[in-house]
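Subject: Handover of a model, with notes on salt bridges and strand pairing

Dear colleague,

Please find below the structure that I am handing over to you. My notes on what was found in it follow directly after.

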Amino acid sequence: MKASEIRSKWLAFFESKGHKVEPSASLVPHNDPSLLWINAGMAPLKPYFDGRVIPDNPRIANSQKCIRTNDIENVGKTRRHHTFFEMLGNFSIGDYFKQDAVTWGWEFLTSPQWIGFDPERLSVTVYPEDTEAYELWSKKIGLPEERIYKLEENFWDIGEGPCGPCTEIFYDRGDKYGDLSDPECWPGGENERFLEVWNIVFSEFNHNKDGSYTPLPNKNIDTGAGLERFSSILQDVDSNFDTDLFRPIIDRTCEIAGVEYHTNEDRDVALKVIADHIRTVAFAVGDGVMPSNEGRGYIIRRLLRRAVRYGKTLGVNRPFLFELTSVVSDIMGVYYPEVVEKREFIERVIRTEEERFHETLEGGLAMLSELVAGAAKAGQKEIGGEDAFRLYDTYGFPFDLTEDFAAEHGMTVDRAGFDGAMEAQRERARAARQDTGSMKVQGGPLAEFTVKSEFVGYNELVSDSRILAIVQDDALVESAEEGAKVIVILDRTPFYAESGGQIGDKGTISGEGFLLQVEDVTKAPHGQSVHHAVVASGSVSSGAAAVATVAKAVREDIIKNHTATHLLHKALKEVLGDHVNQAGSLVEAERLRFDFSHFGSITAEELTAVERKVNEQIWNNIAVTIDNKSLSEAKAMGAMALFGEKYGDEVRVVQVGSYSLELCGGCHVSNTSQIGLFKLLGESGIGSGVRRIEAVTGKHAYAYLESQLDVLKQAASQLKSNVADVPKRIEGLFAQTKELARENESLQAKLSRIEAGSLEASAKTIGDVTVLAAKVNAPSMDALRGIVDELKAKLPSAVIVLGALGEDKVNLAAAVSPDLVKKGFHAGKIVKEAAVHCGGSGGGRPDMAQAGGKDTSKLDEALKLVEELVLGQANVI
């Protein structure tokens with residue numbers, strides 16, 4: 001059975017059981033700082049499990065792409081370690097529980113309509129205290145007791161938050177994969193015969209701060225089954241790498257390298273590593289992660305470079321990984337269209353990174369050669385562990401490559417030091433992600449509040465309403481007095497709740513005897529608009545009639561920025577390429593901020609083109625139409641779905657003429673002309689492969705341009721010019737400044753010659769060495785070096801050190817003639833000693849050097865020290 005068929009059957013089975021099939025979320029977690037990657041099927045569903053969001057359907061199924069990189073070194077060396085994998089999952093959010101989870105699991109695995117496993121080959125493990133699960137397997141399913149194993153570790157718990165026992169289902173692959181006489185050959189043991197195919201977690205307790213456990217108000221089901229393992233069993237192959245998920249990639253790599261699979265163990269490891277890593281890199285880049293030196297980008301860069309190195313062991317010494325992208329898209333594109341749609345972009349990113357790494361490898365070898373030469377010169381036989389780790393961290397050099405190179409030169413490498421540096425980096429990475437929270441505790445005053453609230457704010461900014469609920473100090477109350485900070489839910493509201501990047505509205509809620517000032521609006525777990533307000537006057541009670549009024553001027557500014565954001569998104573795609581995708585946004589009254597994926601910097605010409613395109617759509621007076629469509633219909637129209645957003649079966653389609661088409665629940669202008677004007681404020685990089693644009697529209701754009709014009713007028717006034725002539729006036733001043741600089745240099749050269757002439761007679765002879773150490777007047781380091789150069793011509797055999805006082809600092813310059821350099825005198829070392837005496841540092845070549853210091857009072861002493869240094873050196877000679 002093909003992997004794609006297994007995936008389809010999983011989703012179809014649970015759809016038949018009333019589950020909503022959720023598409024795979026991006027590998028980049030959305031609003032979850034506790035995760036570097038989505039690493040499990042339930043990870044993107046956390047808001048459902050902890051009650052922050054109530055799903056439309058409490059039954060969910062998915063096939064989620066995941067990345068785990070905690071054991072990269074094992075990839076390729078075992079049958080089932082991967083950095084990228086697919087987790088099949090079915091979930092219940094407070095709906096069905098153990099009986100349905102177990103019986104449906106058994107049905108899916110054993111029914112010929114679905115997977116069709118032989119029931120005699122299945123065994124399970126349970127938590128010893130979970131008698132309900134044990135009896136379900138033994139009595140409901142009819143598993144014999146000898147195939148039900150009780151294991152203490154069958155309890156899923158990650159600290160504070162939801163937790164519970166779990167049951168695992170194992171498949172017996174038969175005698176050729178293990179002898180039952182082996183004490184480890186049993187479900188749960190270390191063996192290849194019994195493969196875990198499914199883990200079902202019964203999330204029924206809350207792990208409290210004090211370490212105690214209490215029953216959850218809503219019990220959940222969280223399951224996971226690895227598609228790769230399923231495939232290896234149903235395709236009856238030795239490892240996951242021999243399935244149709246990996247084998248085509250391995251076969252193509254063999255063609256490129258001119259090698260054969262399953263003929264050499266080391267070669268097989270290389271082929272498996274390449275197949276695994278290219279899947280990970282292709283999917284990550286497709287989700288907007290660019291290779292870099294930090295965070296997710298660093299992981300991708302490391303995996304890609306690791307694959308390149310393994311390619312070298314196969315004899316491939318050119319970029320080749322990008323050629324495998326098409327194979328990945330052929331295998332996975334049936335369910336993950338992004339790797340097909342973005343294939344050219346993914347190939348370009350990978351190829352560029354490969355080419356850079358091939359160049360970097362040369363730099364790494366040069367650095368390694370220097371380390372070996374330095375150790376040999378010092379009489380050492382070992383390369384330091386910190387140095388080896390720096391090679392690994394900076395150039396992607398594996399330890400064994402450094403070790404091999406050192407061995408060729410009769411040296412070893414400090415393995416313990418390398419491991420220590422590696423562990424220190426891992427600790428830093430773990431520390432950066434800890435204490436950020438993973439799963440929130442269920443509950444809250446609005447967790448069970450299900451009364452509907454109607455949003456009417458697309459068409460109305462004032463609404464007659466009734467107060468349904470008031471929350472104060474995290475508890476539902478009947479009333480609140482003046483000065484209280486409250487949360488209010490209305491039966492109907494014109495206030496937009498923050499979502500999709502658009503901030504919540506501001507305004508007032510008023511009624512007989514009270515006035516609330518609304519400061520923000522968010523969404524409750526059940527989707528109602530939650531008004532965060534202050535009781536400005538009077539006393540407000542639940543059930544009271546009210547008038548809800550959105551601040552019109554603020555909303556109008558917000559909608560201009562929101563529609564402009566859609567135009568900006570499209571313009572960026574037109575100018576930079578279709579690979580541009582939204583990676584986050586902020587739409588508020590004063591400005592808009594738009595984050596997007598793009599590989600490389602953006603030129604000034606490209607930004608100008610983007611700005612012009614947006615303004616052209618504004619000036620073209622285009623109608624903005626908004627319709628509700630089915631999700632499939634909207635996608636067929638070509639509507640763009642936005643980053644991090646989840647969509648229901650019916651979606652809102654915002655269309656700007658024939659120019660822009662996006663799925664969006666936000667508020668917009670009815671015609672682009674209402675935006676008035678669009679002006680970019682700035683563009684920058686904010687992370688690996690992510691750029692950020694900030695812009696203003698309408699009156700804020702006008703105010704920005706006015707402020708810039710004011711600056712220009714001030715400049716014109718100071719230049720005694722009109723605005724139009726400012727550039728010409730500046731050019732004239734530059735030319736004048738250059739001429740003055742040339743005159744200054746000429747005068748300085750003359751002064752240097754005069755200064756040098758007066759100093760020549762001050763030279764002393766120490767031993768048989770001529771020394772000149774003196775304080776001079778020199779306004780800059782360049783001037784000081786000029787005097788030194790003049791003296792070098794006058795004193796062909798000498799040690800020269802000059803010092804000059806600047807603003808709160810000391811400048812020092814030194815020169816040693818070639819004959820004295822041969823005798824061991826070193827300008828860099830001499831000037832460094834003098835600088836240290838002045839509280840500074842510096843150095844340079846044996847014949848010429850410079851330095852600086854902070855303590856101006858020590859200059860005379862430092863120059864006296866020079867004579868002592870030369871005397872000491874002369875006596876040695």
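Is Arg555 buried or exposed? With a relative accessible area of 5%, Arg555 is buried, where buried means under 20% relative accessible area, exposed over 50% and partly exposed in between, computed with a 1.4 Å probe on protein chains only.

Before going further, please note that this is a predicted model, in which local features need pLDDT of at least 70 and side-chain atom pairs count only at pLDDT 80 or more, while totals for chains, interfaces and linings use all residues. Residues are numbered from 1 along each chain as its sequence is written, and side-chain values use heavy atoms, with hydrogens and water left out.

Salt bridges

The structure holds 48 salt bridges, a salt bridge being a side-chain nitrogen of Lys or Arg within 4 Å of a carboxyl oxygen of Asp or Glu. One of them brings together the side chains of Asp505 and Arg555, at 2.8 Å from N to O. Asp505 lies in the loop between strand E17 (492-493) and strand E18 (507-511) and Arg555 in helix H15 (residues 552-576), so the pair ties together parts that are 50 residues apart in sequence; helices (H or I, at least four residues) and strands (E, at least two) are DSSP runs, numbered from the N terminus. Asp505 also counts as buried, at 1% relative accessibility.

Lys65 forms a salt bridge with Glu338, their closest N and O atoms being 2.4 Å apart. This pair links distant parts of the chain, with Lys65 in strand E2 and Glu338 in helix H10 (residues 338-341), 273 residues apart. Lys65 is buried, with a relative accessible area of 2%, and Glu338 is buried as well, with a value of 16%.

In the salt bridge between Asp95 and Arg59, the closest N and O atoms are 2.4 Å apart. Here Asp95 is partly exposed, with a relative accessible area of 36%, and Arg59 is partly exposed, at 22%.

Strand pairing

Strand E18 runs antiparallel to strand E19 (residues 514-523), and five bridges join them; two strands pair if DSSP finds at least two bridges between them. Thr508 stands opposite Gln517 in E19, and in the hairpin of E18 and E19, which has two residues between the strands, Gly513 takes a positive phi near 85°.

E19 in turn pairs with strand E20 (residues 529-541) in the antiparallel sense, over nine bridges. The bridge partner of Phe514 in E20 is Gly538.

With kind regards
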